[in-house]
Amino acid sequence: MHRKFPGSRGASGFTLLEMLAVIVLLGVIATIVVKQVGGNVTKGKYGAGKAQLGELTMKVENYILDVGVPPKHLSALLKAPANAPGWAGPYAKPSELKDPFGHPFAYQSPGKHGSYDLIFLGADGKPGGTGRNQDIGNWQ
């Protein structure tokens, strides 16, 4: 709706109400897009975390092949611990010891399910949870 104001010689423009309606509409569209993209990003990171768990498990296994026992801590994959004959690392980069959400992988040696337990703690980085917060262990 264009209006001519007195003394404006035929100039026309948008009213304040029309501009506010457009801004509100853009806000609604942006909210919908952010929700869709945000959900897909979390889903993608969760899948990447599961894959990274498999890769890190292989790096721990390489350490075991060289040293003969699982590392006491994941930091042993980065720097040779004392009394680790045969260590031929580094086996991993520091960034590989954190999941795609930025949380460290949980690790225990000896483990409850084998000689060691390596656990991806999900999106929340805490033990337990369901959905994308669910934990996944190297024994599963």
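Mentor: The model is a predicted one, in which local features need pLDDT of at least 70 and side-chain atom pairs count only at pLDDT 80 or more, whereas totals for chains, interfaces and linings use all residues. Residues are numbered from 1 along each chain as its sequence is written, and side-chain values use heavy atoms, with hydrogens and water left out. Helices (H or I, at least four residues) and strands (E, at least two) are DSSP runs numbered from the N terminus.

Asn-83 has a positive phi, near 60°, although the residue is not a glycine. Asn-83 is also exposed, at 77% relative accessible area; exposed stands for over 50%, buried for under 20%, and partly exposed for values in between (1.4 Å probe, protein chains only). Further along, the bond from Gly-89 to Pro-90 is a cis peptide with omega near 10°, and Pro-90 likewise belongs to the loop between H1 and S1.

The aromatic pairs come next. Rings of Phe, Tyr and Trp (its six-membered ring) pair if their centres lie within 6.5 Å; planes under 30 degrees apart are stacked, over 60 edge-to-face, and the rest tilted. In one of them, the ring centres of Tyr-63 and Tyr-91 are 5.5 Å apart and the planes stand at 70°, so the arrangement is edge-to-face. Because Tyr-63 is in helix H1 (residues 16–67) and Tyr-91 in the loop between H1 and strand S1 (106–108), this pair ties together parts 28 residues apart in sequence. Tyr-63 is buried at 3% relative accessibility, and Tyr-91 is buried at 12%. Ring pairs also join Tyr-46, Phe-101, Phe-105 and Phe-120 into a cluster.

Helix H1 also contains Thr-57, a buried residue with a relative accessible area of 15%. When neighbours within four places in sequence are set aside, Thr-57 contacts Tyr-116, Leu-118 and Asn-138, where contact denotes heavy atoms within 4.5 Å.

A further cis peptide bond, with omega about 0°, connects Ser-109 and Pro-110. Pro-110 sits in the loop between S1 and strand S2 (117–120).
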